[in-house]
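Here are my notes for you, written as numbered points. Keep the structure open beside them and look up each residue as you read.

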Amino acid sequence: MPAPYWPAYGPPVPARPRRPGQVVAAAVLAFVQAGLVALTSAYVLLLASTLGVVSTGFGGDAEVDALVTEGIVVTVVQVLSVVALVVGGILVLNRRSRSSWLTLVLALAVQLVIALYWLVRLSTLDALTEDVVGSVGLLVAAVLFYVAAPAVALGLLLVGSVRRWADGADAAPAR
């Protein structure tokens with residue numbers, strides 16, 4: 001036989017404020033961006049190492065060595081930004097604090113700065129891009145592809161209701 005029902009003592013506990021949907025969407029976009037950048041970083045590292053091996057096989061060149069070093073440095077920076085995106089996404093999903101919100105905002109802003117770097121860097125390779133892809137327009141479109149997710153996620157995180165949620169401003173008063 002089931003146990004008899006006993007009502008809870010005291011008034012019901014007020015519900016916690018719910019996490020806004022924009023926070024979840026921004027975290028998901030951060031995870032997607034992290035995956036794309038991780039894949040791209042592996043590709044850049046592969047190209048840099050291949051270029052280094054080929055250059056060494058033909059006697060080496062200072063300009064090629066500079067490109068290899070730049071590729072390795074950019075790869076390291078991008079991998080660190082992937083870590084920041086994942087950590088920021090996890091923090092914002094698990095903690096309601098200004099610091100977790102700020103971590104994700106800064107990680108997304110770094111993604112926009114990296115995309116700006118790539119836009120400038122790829123637009124300076126006119127001779128190479130004409131031979132490889134035919135125009136700089138395709139490379140600019142590729143960079144804009146990498147700007148879309150962080151830009152939308154930043155827009156979602158900078159909405160007033162999300163900032164108030166991160167600050168705890170919409171919390172119910174304590175009794």
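1. Start with Leu104. Leaving out residues up to four places away in sequence, Leu104 touches Ala26, Ala27, Ala30, Leu85, Gly88, Gly89, Val92 and Leu157. Contact here means heavy atoms within 4.5 Å. Please keep in mind that this is a predicted model, in which local features need pLDDT of at least 70, side-chain atom pairs count only at pLDDT 80 or more, and totals for chains, interfaces and linings use all residues. Residues are numbered from 1 along each chain as its sequence is written, and side-chain values use heavy atoms, with hydrogens and water left out.

2. Which residues touch the most other members of the largest nonpolar core? They are Leu85, Trp101, Leu104, Leu108 and Leu157, in a core of 20 residues. A nonpolar core is a set of buried Ala, Val, Leu, Ile, Met, Phe, Trp, Tyr and Cys residues joined through side-chain atoms within 4.5 Å. Buried means under 20% relative accessible area, exposed means over 50%, and partly exposed lies in between (1.4 Å probe, protein chains only). At least two residues of this core come from each of helix 1 (21-57), helix 2 (62-94), helix 3 (98-123), helix 5 (136-157) and helix 6 (160-167). Helix 1 gives the most, with 6 residues.

3. Now for the overall plan. The protein has 6 helices and 0 strands, and from the N terminus on its elements run α-α-α-α-α-α. Helices (H or I, at least four residues) and strands (E, at least two) are DSSP runs, numbered from the N terminus. Of the 175 residues, 27% count as buried. Among contacts with a separation of 6 or more, 76% are between residues 24 or more positions apart.

4. Helix 3 deserves a look of its own. This helix has 26 residues and reaches 37 Å from its first C-alpha to its last, close to the 38 Å expected at 1.5 Å a residue. The expected span is 1.5 Å times one less than the number of residues. The buried residues of helix 3 are Ser100, Trp101, Leu104, Val105, Ala107, Leu108, Gln111, Ile114, Ala115 and Leu122. As you look at that list, remember that an α-helix has 3.6 residues a turn, so residues three or four places apart point the same way.

5. How do helix 1 and helix 3 pack? Their angle is about 40 degrees, with the axes 11 Å apart. Axes are lines fitted to C-alpha atoms, for helices over the stretch in contact, and angles run from 0 to 180 degrees between N-to-C directions. Helix 1 and helix 3 are therefore oblique to each other; angles under 35 degrees count as roughly parallel, over 145 as roughly antiparallel, 65 to 115 as roughly perpendicular and the rest as oblique. Helix 1 passes helix 3 in a left-handed crossing, where the near helix is turned anticlockwise from the far one by less than a right angle (right-handed if clockwise). Ala26, Ala27, Ala30, Gln33, Val37 and Val44 in helix 1 meet Leu104, Leu108, Gln111 and Trp118 in helix 3.

6. Helix 1 also packs with helix 2, at an angle of about 160 degrees and with the axes 8 Å apart. The two are therefore roughly antiparallel to each other, and their crossing is left-handed.

7. Beyond its neighbours up to four places away in sequence, Gln33 touches Leu85, Gln111, Tyr146, Ala149 and Pro150.

8. Ser41 is also found in helix 1 and counts as buried, at 2% relative accessibility. Apart from its neighbours within four places in sequence, Ser41 is in contact with Thr75, Gln78 and Val79. Val68, which lies in helix 2, counts as buried at 13%. With neighbours within four places in sequence set aside, Val68 is in contact with Ala48, Leu51 and Gly52.

9. Finally, visit Gln22 in helix 1. Gln22 is partly exposed, with a relative accessible area of 26%. The C-alpha atoms of Gln22 and Leu157 are separated by 6.7 Å, although the two are 135 residues apart along the chain. Not counting residues up to four places away in sequence, Gln22 touches Leu156, Val159, Ser161 and Val162.
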